[in-house]
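I opened my notebook to record what I looked up in this structure. My entries follow in the order I made them.

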Amino acid sequence: MLQERFTPAAAEPRLYEMWEASGLFAPKQDTAAEAYSIVIPPPNVTGSLHIGHALNNTLQDILARYHRMKGKAVLWLPGTDHAGIATQMVVERQLAAAGNVGRRDMGRDAFVETVWKWKAESGGTIVRQLRRLGASCDWSRERFTLDEGLSAAVRKVFVQLHKEGLIYRDKRLVNWDPHFQTAISDLEVEQKEVDGAYWHFAYPLADGVTYEHPVAFDEDGKATAWETRDFIVVATTRPETMLGDTGVAVHPDDARYAGLVGKSVILPITGRRIPIVADDYADPTKGSGAVKITPAHDFNDFQVGKRAGLAALNVMDAFGRITGADTPDVPADYEGMDRFAARKAIVARAEEEGWLKQIEKTRHMVPHGDRSGVVIEPWLTDQWYVDAHTLAQPALKAVEQGDTVFEPKSYEKIYFEWLRNIEPWCISRQLWWGHRIPAWYDADGNIYVAETEAEAMAQAGGRPLTQDEDVLDTWFSSALWPFSTMGWPDQTEDLKRFYPTSDLVTAADIIFFWVARMMMMGLHFMDEVPFKRVIINGLVRDEKGQKMSKSKGNVIDPLTIVDELGADPLRFTMAILSGTRDIKLSRQRIEGYRNFGTKLWNAARFSQMNGCARVPGFDPAGVEQTLNRWVRGELTKAERQVSAAIEGGRFDDAASALYRFVWNVFCDWYLELAKPVFQGSDEAARAETRAMTAWTLDQTIKLLAPVMPFITEELWAELGKTGPARDEPMLLGTRWPDLPDAFVDVQAEAEIGWLVEVVEAVRSLKGEMNVAAAKPPLTFVAPDALTVARIARHRDLLLTLARASEIGAAEAVPEGAVTLVCGGATVALTLAGIVDLAAERARLEKEIAAFVSDAAHVMKKLGNPSFLDRAAPEVVAEQRDKLAEAEAGKARLEMALARLSGLE
């Protein structure tokens, strides 16, 4: 007999250890089996499991377990990312906390050795946590983006792309982190809204030039008064960058400045002469319409500078300090000054000298390093780049022609938009932890790119060489993940069998950082797309739709949930909520789906208590009882729904179908309808129903296994202790249910469907009329012969399940009865003498008024354009849901009130 309840804390570690020891996580060796493969998005080696990981890996595991049960050779390949900047930061902090010398004092080799030691001791945390979630990865194939094989693949790719002219060195603007002194990717930049100001500076016109500037306008916006100016006003939020200004831009159609294009201004402080140029980037409607151009310190200015032929002058060093190395006209007073100290000094000087015209307070978005927390500086520096535009073309074509599809399809738009407007990809980072760039320099600055130093030396004719200090962007090695993890550049059996992979499950925010780059690299080096389908999972938010953050205190820790409720409820919740872009999650939802698991467990206990056990040779195709033929058909339909949903990547639909069958069909109806059979005297019917219950339980457990593997594995083992020995002792190794279409019995479906529909309709009506506990007479009005026969067959069940005092038939509606139409018949419920009409009318009118008030309150908000403009989309959606709920409740109660009127 099953224990009273399933105890996840005790069972889950034991079950997972059994699974892993079985070897069943590895793909089957049968070469005739269809291959199914999926590579895990490698989490950072520094990471711990968060709720986003829980969602993403639950969906992957559902796919892996499902396809494994379908008989395929499944490879779910796991691994971790070396996470260059994050890992280096963790180790540097540990060194500082322990009072040890810093990275630069240690030297590169000693520091890298320290990081490897940290990785060996602490780098496996998230991998262990994935096991607690139930992830059925093939751990024997686990990879690390810095392991020997992947490092060799990275070097080969770099060298080949360089030979093809697709990797090159160039001086361009990058996101520069002055704290870590490295370039970082856009993904590592966090935009924060901060208090700031626009400082309006007057740049004097050179050569005594003046112009007439409009200062007053009529109601049509036409100038009515002008003043003579010998200066042009520009506004900036970063005064320190003016030291690097090399131009002022105005719009070519801006009549105010048309006569100034081609003239020059004298840059204050430096005395530098810089031109006024015409460029569409300048917006005549913003500020003065004139903008200072600093090509070396602003991404937009860099492009303007290229178009106008302006010089790009660096006025900052790697630490964000002012330097005159490129600009001798910068006064020595500013040399070595921190950028923010320089800002204050420049503003003070502008005010003192009279060229500060206005300070306009503002709140604006400022880029910060997501790891360092410091303000990011656009900085002009020599870096390595990939010609992403050339590599993007096959990647675009592959999705356009359907070689790879996105699910949902709408996410293709993000993919296309980025690839069609792609910029060169900066792949060098000024870090020590990572793939060191395989490029060497001789004393004259010549570059030699090779997979090994010996090959570079041979290219250099034996001259002394120094290797490039930089490492590659972490995303570079991740872009090779689908094929490098399978052994490329060697032509391994895994590569032949499992590439291209079947599915990729990932988040929308890395479609361009990772998905697109894998497409580019996979097509270039394998001549095939890396995956046939990309399934994009949503973002997990709190129950109010807000982003989870520690500062808000609304973070749900998946490991705490696993500790307290078990992995299965968390997995089921992730699956059933996965159909939206923004997943609203609460602990209460997870607890609700724990109850779902408990419901199945209790159903299995009930079955055991009623003598249900597997019978040797039992064939469900031969059952005769209408109830058993019905549940066989319902099970078959549920299997079709679950299979189609998982195959289509609609995990929410799969979970919903499972929930409906387990809770509503099997537990609420089949077992309830089977009770009289278990307790009855018909031995043949009882034996068949017991065997059918045991068989249905087995198939149900199989259907649920990919989503809730722990409780189903435990049930499989416990229920297998009675009856014949199982062909497969572990549920993990069983085949998916094979249920023929013939299992659906139309006659049985109609018969039991009628009974269920009548009972549910009567229960609903009694609930609306506030007499759920009462047992009123139930009358079928003018029933046809089929209904009369059904009443006769199911009279006892109707009396019990509908809680009726008697079941009858009549040609007319009895006096004092309310009616409803269900099951193809009119059913009357006699409530005279049972319902206090006045009290019930008052109750219904009060509740209707409450719904009306709620709806009016929400309508007031939704009818306010200001609310719709300012409120977050999730808040607006929540209000619309409230309105729909109020309107539906009002309509339901008004119907009940109308029925009540019929009793008077």
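**Entry 1: Ser643**

I began with the neighbours of Ser643. Leaving out residues up to four places away in sequence, I found that Ser643 touches Tyr66 and Trp736. I was working with a predicted model, so I kept that in mind throughout. Next I asked where Ser643 sits. Its place is in helix H20, residues 626–647. Is Ser643 buried or exposed? Its relative accessibility is 9%, and buried means under 20%, so Ser643 counts as buried.

**Entry 2: Pro616**

I then moved to Pro616. This residue lies in the loop between helix H19 (587–609) and H20. Pro616 counts as exposed, because its relative accessibility is 63% and the cut-off for exposed is over 50%. I also checked its distance to Gly723. In sequence, Pro616 and Gly723 are 107 residues apart. In space, their C-alpha atoms are 7.0 Å apart.

I looked at one pair in detail. S30 and strand S31 (residues 825–830) run antiparallel and are joined by six bridges. Val818 has Leu829 in S31 as its bridge partner.

**Entry 3: H11 and H16**

Two packed helices are described by the angle between their axes and the distance between the axes. I looked up both for helix H11 (residues 412–420) and helix H16 (residues 511–526). Their axes come within 10 Å and cross at roughly 75 degrees. Angles of 65 to 115 degrees count as roughly perpendicular, so H11 is roughly perpendicular to H16.

Which residues make the contact? From H11 I listed Ile414, Tyr415, Trp418 and Leu419. From H16 I listed Ile511, Phe512, Ala516, Arg517, Met519 and Met520. By class, the contact has nine nonpolar residues, no polar ones and one charged.

**Entry 4: H2 and H6**

I repeated the search for helix H2 (residues 51–69) and helix H6 (residues 125–133). They pack at an angle of about 60 degrees, and their axes are 11 Å apart. H2 and H6 are therefore oblique to each other. Their crossing is right-handed.

On the H2 side, the contact involves His53, Ala54, Asn57 and Thr58. On the H6 side, it involves Ile126, Leu130 and Leu133.

**Entry 5: a hairpin**

My last stop was the hairpin of S8 and S9. Strand S8 (residues 211–217) runs antiparallel to strand S9 (residues 223–229), and six bridges join them. Glu212 stands opposite Thr228 in S9. How many residues lie between the strands? There are five, and in this hairpin Gly221 takes a positive phi near 85 degrees.

How values were computed: Residues are numbered from 1 along each chain as its sequence is written. This is a predicted model: local features need pLDDT of at least 70, side-chain atom pairs count only at pLDDT 80 or more; totals for chains, interfaces and linings use all residues. Side-chain values use heavy atoms; hydrogens and water are left out. Two strands pair if DSSP finds at least two bridges between them. Helices (H or I, at least four residues) and strands (E, at least two) are DSSP runs, numbered from the N terminus. Axes are lines fitted to C-alpha atoms, for helices over the stretch in contact, and angles run from 0 to 180 degrees between N-to-C directions. Angles under 35 degrees count as roughly parallel, over 145 as roughly antiparallel, 65 to 115 as roughly perpendicular and the rest as oblique. Contact means heavy atoms within 4.5 Å. Ala, Val, Leu, Ile, Met, Phe, Trp, Tyr, Cys and Pro count as nonpolar, Asp, Glu, Lys and Arg as charged, and the others, Gly among them, as polar. A crossing is left-handed if the near helix is turned anticlockwise from the far one by less than a right angle, and right-handed if clockwise. Buried means under 20% relative accessible area, exposed over 50%, partly exposed in between (1.4 Å probe, protein chains only).
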